[in-house]
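Here is a short note to read beside the structure. The points are numbered so that each can be checked in turn.

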Amino acid sequence: MEVWTRGQVVASAPDDASRRAALPLVSSRVWSESGRGGPLLWGRCRGSATYAVVVAPGPAPALSATCTCPSRKSPCKHALALLLRWADGLLPPGERPGWAQVPATADGPGTGDADRVPDAAAAAARAAERRAKVAAGLDELDRWLLDQVRTGLSAWERQPWARVEGVAARMVDAQAPGVAGLLRGLPGLLARTDQSAWPARLLEALAGLHLLVLAHRGLDALPADLAATVRSRIGYPVARAAVLDGLGGPSVADRWSALGAVDSLEGRLESRRVWLWGSASRRWALLLSFAVPGSGLDDSVAVGQVLDATAHRYPGAAEHRVLLEERREADDTSPDWPQAGVVETQRAWAAQLAADPWSTRMPAVLRAVPVVPTRPGEPWHLADADGTAVRLLPGATEPWPLLAASGGRPVDVFGEWGPSGFLAVRVLQPGSALAAPRLLEVA
């Protein structure tokens, strides 16, 4: 049995919440009677109760797993943690104990807990229980938000991390990990904003959280796409199988050009955003992957690659994230991309915010001229012919390569548009097969 890498384990998770929840459980102190033998891994994991976990890994990412925890995810966080321990070489060989029954597989049922048949009523009860827990946590968050506004924002200049960590941890306990991530991003917002502008940006972010609380309270009355967006921002999980079954709408078969990628570190996980443009559908698609630091991110789709593939979109208003199936190298490998000026892209960003008020980024290709600041310390801009400009956000390098590639003329620049400006990722040049300089390695 070939041992999986950490990256392969992380890629097998059913959703982002399971990935994050599995990491703290890799510690040896919560495991007992763990081991490996033949085709099986096993162990008992201690949490609010002690759960018996058995995993039968095949060639990655194929596996079957069973766990006595109440989760219906497959694999659950305990099974993912057991796989991570295996990838780290922490499972000793041994004799399989009697309680470690063979999990169910695609060829037939297993024994023991793997024979459990999903109970629709029980699943609905668990969903209602989770929603009540989330609602209670968000009510507490709303009181905290009102306190921030009532007492004033000046204190945020001192130790902003300490101000958010307690309430962020409470959101994790309330099963709202997406909200916890938004809260933990607030101190960085202060660091990235001009000294005179940070109070307005912070107030805007706090108002966005308050709007999210109100949206969750009225979740049943929202349009389906907007309700899915609210659930996603809060951190409700979405199973891969549901996405492939059409939860986000009909699948789209198209020719996809990978125009750019951005790597970032989010908490204890590295993430990679690969942006694709569909030649026929004229729509963007996002491949999002995660990995534990040091294990390597998914590189199955490279920048500059052109694929024929079927995209299954995640649910939500203005949602770009997809899963790709049936992908292969396109016969025509010449890349394709849209072009827009600054004004057109501003309008597209306004439309995205109308559909999803919590958006933080939008892919775009700007046809614009780089503008060098006239005074030290001023930001660079990209400008239309009429002078309408957008601020260039600082990246991993200075924007001089962008100016050199343009020669002072309009140039196609792929990047991510956000509330503070435009993050330039790559210069696109016709006929170059995207061989032009990549401006940004890590965001």
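1. Arginine 150 is exposed, with a relative accessible area of 60%. Here exposed means over 50% relative accessible area, buried means under 20%, and partly exposed is in between, for a 1.4 Å probe and protein chains only.

2. The model is predicted: local features need pLDDT of at least 70, side-chain atom pairs count only at pLDDT 80 or more, and totals for chains, interfaces and linings use all residues. Residues are numbered from 1 along each chain as its sequence is written, and side-chain values use heavy atoms, with hydrogens and water left out.

3. Which residue does arginine 150 meet in a salt bridge? Its partner is aspartate 147, at 2.2 Å from N to O. A salt bridge is a side-chain nitrogen of Lys or Arg within 4 Å of a carboxyl oxygen of Asp or Glu. Aspartate 147 is partly exposed, with a relative accessible area of 30%.

4. Aspartate 147 and arginine 150 are three residues apart in helix α4 (residues 120-151), and about one helical turn separates them. An α-helix has 3.6 residues a turn, so residues three or four places apart point the same way. Helices (H or I, at least four residues) and strands (E, at least two) are DSSP runs, numbered from the N terminus.

5. The structure holds 21 salt bridges. One of them joins the side chains of arginine 44 and glutamate 33, at 3.2 Å from N to O. Arginine 44 lies in strand β2 and glutamate 33 in strand β1, so this pair ties together parts that are 11 residues apart in sequence. Both are partly exposed: arginine 44 has a relative accessible area of 23%, and glutamate 33 has 47%.

6. Glutamate 378 and arginine 375 also meet through their side chains in a salt bridge, at 2.8 Å from N to O. Glutamate 378 is partly exposed, at 30% relative accessible area, while arginine 375 is exposed, at 56%. Elsewhere, salt bridges that share partners join Asp16, Arg19 and Arg321 into one network.

7. Is helix α3 (residues 77-87) largely enclosed or largely open? Nine of its 11 residues are buried, so the rest of the structure largely encloses α3. Among the buried residues are His78, Leu80, Arg85 and Trp86. The buried residues of α3 pack against α1 (6-11), α2 (16-22), β1 (31-37), β2 (40-46), β3 (50-57) and β4 (63-67), where contact means heavy atoms within 4.5 Å.

8. After α3 comes glycine 89, whose phi is positive, near 75 degrees.
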